[in-house]
Amino acid sequence: MKKNQRGQSEQAIRTRLLQAIFEQRMPPGARLTEEALATTFEVSRTTIRLVIARLAQDGILVKFPTGATHVAAPSRNEAQQLLTVRRMIEPEIVKMLAASASTLSFTTLTAHLKEEDRARRSGDRGTLVRLTGEFHLHLAQMTGNEILIRLMTELQTLVCLAILLYASGDDACPPDEHRKIVAAIKENDGASAAALMLGHLNHIEKDLRLDDKPAVEITDALTWLKRKERSSAGS
Ligand SMILES: [Zn+2]
């Protein structure tokens, strides 16, 4: 491969890996190896190592001291924390966009909403989870703020993984809520857009049913083990 193509190919591999993760072809917790990825993408292991390192930095892949790499599997607790941060950020994003709506292009966003409709109609859950996640990234990209874009990419990807693990419903994002948010932005109505976004994020959290089953806590397991130890010592 020519040297000047390397950067682009890293980005292309990253994009394709993210798609595979969102579409559940690489489910949360799945193990990846450098060798298999290098063979799949027909690139050197050095290139794959760079892609893995970046995704690990974003928290999307987790590297273990043994050398194994897995797709992240956020705990219920982490999912709750991620959504708390998104509630702080995303209403502000749509407020910003509403304030400058007249200067923005909505072409990408409108086409995206149609794509979501298609995935919803065909019942393709993996694609729908990916698309509904990308909607939130499009909003961040429209602000032109690189730090926001980076932060939202990480938050959104991890929430997508949590949706794949815990969501109960068929809709990663309830239908029509994205469309209503876009309509409020277009009408320069920042207050409504922010309120709609907040409500939308609350619906996502509700659908995750994070309270349904208590997360397995290692401290509970240790307490149980200690009790067993004591009772066997006493017998
Ligand atoms: Zn959404």
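Let's start with Asp176. At 45% relative accessibility, Asp176 counts as partly exposed. Keep in mind that this is a predicted model. Asp176 sits in the loop between α7 and α8. Its phi is near 75°, which is positive, and the residue is not a glycine. For background, most residues other than glycine have a negative phi.

Now go to the other end of α8. What residue with a positive phi follows this helix? That is Asn188, with phi near 60°. Asn188 belongs to the loop between α8 and α9. With a relative accessible area of 46%, Asn188 is partly exposed.

So what about α8 itself? The helix covers residues 177-186. Its buried residues are Glu177, His178, Ile181, Val182, Ala184 and Ile185. Look down the axis of α8. The buried residues fall within an arc of 160°, so they line one face of the helix. Here is the general rule behind that kind of pattern. An α-helix has 3.6 residues a turn, so residues three or four places apart point the same way. What covers the buried residues of α8? The cover includes α4, α5, α6 and α9.

Stay on α8 and find Arg179. Arg179 is partly exposed, at 35% relative accessible area. Arg179 makes a salt bridge with Asp117, and the closest N and O atoms are 2.8 Å apart. This pair links distant parts of the chain: Arg179 is in α8, Asp117 is in α5, and they are 62 residues apart. Asp117 counts as partly exposed too, at 22% relative accessibility. Lys114 is also in α5. Lys114 is exposed, with a relative accessible area of 51%. Lys114 and Arg179 are 65 residues apart in sequence, but their C-alpha atoms are 9.8 Å apart in space.

More on salt bridges. The general idea is simple. Side chains of opposite charge can pair when their charged atoms come close. How many salt bridges does the structure hold? Eight. One of them joins Glu34 and Arg45, at 3.4 Å from N to O. Glu34 lies in helix α2 and Arg45 in helix α3, so the pair ties together parts that are eleven residues apart in sequence. Arg45 is partly exposed, at 40% relative accessibility. Another salt bridge joins Glu92 and Lys95, with N to O at 3.4 Å. Both residues lie in α4, three residues apart, about one turn of the helix. Glu92 is partly exposed at 42%, and Lys95 is partly exposed at 37%.

Next, the sheet. Three strands form an open sheet in the order β1-β3-β2, with antiparallel pairing. β1 and β2 stand at the edges, each with a single partner strand, so one side of each has no neighbour in the sheet. β1 pairs with β3 over two bridges. Which residue of β3 is the bridge partner of Leu32? Thr69. Then there is α3, residues 45-57, which lies across β2 and β3. Helix α3 runs at about 105° to β2.

Last, the whole protein. There are ten helices and three strands. Along the sequence, the pattern reads α-β-α-α-β-β-α-α-α-α-α-α-α. Of the 235 residues, 43% count as buried. Residues 24 or more positions apart account for 75% of them. The protein exposes about 13200 Å², and carbon and sulfur atoms supply 52% of that.

Conventions: Residues are numbered from 1 along each chain as its sequence is written. This is a predicted model: local features need pLDDT of at least 70, side-chain atom pairs count only at pLDDT 80 or more; totals for chains, interfaces and linings use all residues. Side-chain values use heavy atoms; hydrogens and water are left out. Two strands pair if DSSP finds at least two bridges between them. Helices (H or I, at least four residues) and strands (E, at least two) are DSSP runs, numbered from the N terminus. Contact means heavy atoms within 4.5 Å. Axes are lines fitted to C-alpha atoms, for helices over the stretch in contact, and angles run from 0 to 180 degrees between N-to-C directions. Buried means under 20% relative accessible area, exposed over 50%, partly exposed in between (1.4 Å probe, protein chains only). The arc is that of the directions from the helix axis to the C-beta atoms. Accessible areas come from the Shrake-Rupley method with a 1.4 Å probe; for residues, only the protein chains shown count as cover. A salt bridge is a side-chain nitrogen of Lys or Arg within 4 Å of a carboxyl oxygen of Asp or Glu.
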